[in-house]
Protein chains: 2
Amino acid sequence: MSVTWFNGALIEGAISIDPADRGLTLGDGVFETILVRGSKIIWLDEHLVRMKVAAQELGIEFDEAQIRAGAASVSAENRHEVSALRITLTRGVVTPRALTGHGVLPNLLMTLSEINAAQPASLTLAISTIRRNETAPSSRLKTLSYMDNIAAAREVTARADDALMLNTVGHVASTTIGNLFLLKGSNLITPSLDQGILAGITRGKILSLARGLGLTPLETAVRVDDLFSADAVFRCNSLRLATPVTKVDDRLVGRQSIENISSALLKGMTS
Amino acid sequence: MSVTWFNGALIEGAISIDPADRGLTLGDGVFETILVRGSKIIWLDEHLVRMKVAAQELGIEFDEAQIRAGAASVSAENRHEVSALRITLTRGVVTPRALTGHGVLPNLLMTLSEINAAQPASLTLAISTIRRNETAPSSRLKTLSYMDNIAAAREVTARADDALMLNTVGHVASTTIGNLFLLKGSNLITPSLDQGILAGITRGKILSLARGLGLTPLETAVRVDDLFSADAVFRCNSLRLATPVTKVDDRLVGRQSIENISSALLKGMTS
């Protein structure tokens, strides 16, 4: 079962959209993907802060009250243990024809879809030839222009579960759908925000939980070699939380348990 | 007046689209923007070759016969001297939820809109802080994931007509909507295809016309300094053909006439 909400109302089937909507024609919009457990939307405030910052930087109209109302309306329809709430906001239509210009009639779309309640036990990575561009909004912000991530995931699909993307200077950035962490002794290391990464909501939660777990959070540049000297490497995102990485390009990485981090994340959600 | 064709038929008003269509949700599709003069579609074959190559690389279904039929149907409706035909092809819907996977029910959208028949006399450029990523499909192929170009255009909008985008090593790549050429003596110089640029159709036409105009075509890495020692700099794209650049970051560039190139392009269209 899937639920759709579009510009103010729950609807069934297709949506009706202006053929000039810039979300459709130019990937010109922002989105969030949010975990819903029962009828509870996990970390909605944090997702909306990030979405608002992105919309404002890009000059896209952002109506927080409308988004909150839609999210509440959609999540109330959830009949599954665990679902994904996807919020999509487009710039709308720009006239006259130009890349710049103010959008009118932005479209706000929300869909709620069941996801598997069981977390994946682990995942493998392979390094993509497609780099993340640390100068680009599409690497830092959660925009609809997702093609480079799609192409990177497609590139490695025969040999790994997700692609490891480096940035333009060859440092570790993230995967196509999540941030990366390294556990090394008592250090919990993750690429810093200047490395061409999205400021993940789960990434932020893990950093804020670190000291309570006896770990020292460290945001810095990470080299590929660092992955192989770590005690554990894991990916995180809003739907799949923390997932251990077992291999990078078929080379084994450390397998220390991250159960304490996963448990603290789950506890943080339900409190 | 604007004409819309969607999945096989001319329509009025909004289009009806699956809320999970990946063109809308992830900028996952390809497009072409083509000049239409009267009912003549300019360089349609070249545009379709490029679109097919992009779709195939990205694993998006491409039905050339359907696209040709749609383009003919739309262009027959043109009532203006000069119009822009925009062809948008999305991946469609992918299930189960994953970045990879085969798309079903791709959406094919075409719109025809009047554009000003008068070419702009010249334009100014300002250098964007947003670089073009020469490792990324979104820089090489005409995909719907256009956000970085939009952001670059927005960044310079108060001080120039278009943004000059460098690549990640600081070489000249292109503008947000066109390729760049430099005229220097009898050399006609343009960034090579490995510089993070789109293989522009008009760029290709100009390169093929060069020798007939007594010019030596040269595809190479171009430095910012080279712009200021050139006799002329111009931008080209499918709708606006060749437009002289007068300034880069408020600094004057050479103003030798490019009238011979513009005339040869126009002649190539009508022959």
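## The contact between the chains

In this predicted model, 59 residues of chain B and 59 residues of chain A take part in the contact, where contact means heavy atoms within 4.5 Å. Together the two chains bury about 4,200 Å². Buried area is the accessible area (1.4 Å probe) that two parts lose on being put together, summed over both. Carbon and sulfur atoms account for 65% of the area buried between chain B and chain A. Leu24(B), Leu99(B) and Met147(B) supply 16% of the area that chain B buries against chain A, more than any other three residues.

## How the copies are related

Two copies of a chain are related by a rotation about an axis and a shift along it. Here chain B is superposed on chain A by a rotation of 180° with 0.0 Å of shift along the axis, at an RMSD of 0.0 Å. The two copies are thus related as by a two-fold rotation axis. The superposition is by least squares on the C-alpha atoms of residues with pLDDT of at least 70 in both.

Of the interface residues of chain B, 100% are also interface residues in chain A, so the copies meet through the same surface.

## Chain A as a whole

Chain A has eight helices and 16 strands; these are DSSP runs numbered from the N terminus, helices being H or I with at least four residues and strands E with at least two. The C-alpha trace of chain A spans about 55 × 40 × 35 Å along its principal axes.

Of the 271 residues of chain A, 57% count as buried (under 20% relative accessible area, with exposed over 50% and partly exposed in between; 1.4 Å probe, protein chains only). Among contacts in chain A between residues at least 6 apart in sequence, 71% join residues at least 24 apart.

## One residue: Asn179(B)

Asn179(B) belongs to strand β11 of chain B, residues 179-184. Asn179(B) is buried, with a relative accessible area of 6%. Leaving out residues up to four places away in sequence, the residues that Asn179(B) touches include Ser174(B), Ile197(B), Arg203(B) and Phe234(B).

The side chain of Asn179(B) reaches the backbone oxygen of Leu198(B) at 3.1 Å. A polar atom of that Asn179(B) side chain also lies 3.3 Å from the backbone nitrogen of Gly200(B). A polar contact is a pair of N or O atoms within 3.5 Å; within protein, one must be able to donate a hydrogen and the other to accept it, and residues adjacent in sequence count only if both atoms are side-chain atoms.

## Conventions

Residues are numbered from 1 along each chain as its sequence is written, chains are lettered from A and ligands numbered from 1 in the order in which they are written, and side-chain values use heavy atoms, with hydrogens and water left out. Because the model is predicted, local features need pLDDT of at least 70 and side-chain atom pairs count only at pLDDT 80 or more, while totals for chains, interfaces and linings use all residues.
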